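Student: I have not seen this structure before. Please show it to me, and then I will ask about its parts.

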Amino acid sequence: MANLTINGKAFDVDVEPDTPLLWVIRENIGLTGTKYGCGIAQCGACTVHVDGVAMRSCGVQVSEASGKQITTIEGLASDAGLHKVQQAWIDNDVPQCGYCQTGMIMAVAALLKEKPKPTDQDIDEAITNICRCGTFQQVRQAIHLATNV
Ligand code: FES
Ligand code: FES
């Protein structure tokens with residue numbers, strides 16, 4: 001049994017301790033905004049925040065996430081509205097197929113919390129998510145747009 005707090009709500013899930021957090025988020029909790037891409041912590045499609053840090057949830061065992069605050073794309077906006085990264089994504093028309101974009105947005109939101117005005121080099125180092133549609137330039141532009149909000 002794992003006790004998880006996801007987007008501010010508590011969940012008890014009956015799974016093996018080494019079950020990937022991604023599986024639990026999607027299959028047990030039913031939050032499907034977090035995507036499965038590679039399953040080996042390479043592509044970033046499954047990125048969520050664990051205690052505010054961007055983590056690839058396919059590579060996190062549910063036992064490691066127990067007792068921590070987990071935020072998925074469904075919990076990123078607040079009552080005040082969309083997160084500034086979500087708004088910048090809309091304003092800059094970033095998504096193509098969209099599959100990688102929830103992970104991309106979660107990775108960027110964590111970066112901007114740590115570095116509110118990242119340089120291109122900071123972005124290159126921190127945002128290593130893979131986008132098969134090649135939206136990297138739009139992503140970079142939207143990150144800079146979000147920093148001006
Ligand atoms: S599915 Fe987790 S990094 Fe690719
Ligand atoms: S928008 Fe299609 S994979 Fe990134």
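Student: Which residue just after helix 1 takes a positive phi?

Tutor: This is a predicted model, in which local features need pLDDT of at least 70, side-chain atom pairs count only at pLDDT 80 or more, and totals for chains, interfaces and linings use all residues. Residues are numbered from 1 along each chain as its sequence is written, and side-chain values use heavy atoms, with hydrogens and water left out. Helices (DSSP runs of H or I, at least four residues) and strands (E, at least two) are numbered from the N terminus. Just after helix 1, the residue with a positive phi, about 85°, is Gly30.

Student: Which residues of helix 1 are buried?

Tutor: What covers them includes strand 1 (2-6), strand 2, strand 3, helix 2 (62-65) and strand 5. The buried residues are Leu21, Leu22, Val24 and Ile25.

Student: Which strands stand at the edges of the sheet?

Tutor: Two strands pair if DSSP finds at least two bridges between them. The open sheet has 5 strands in the order 2-1-5-3-4, with mixed pairing. Each edge strand has a single partner strand, so one side of each is left without a neighbour in the sheet: these are strand 2 (9-13) and strand 4 (53-56).

Terms used. Chains lettered and ligands numbered in written order. Buried < 20%, exposed > 50% of the residue type's maximum accessible area, 1.4 Å probe, protein only. Contact = heavy atoms within 4.5 Å.
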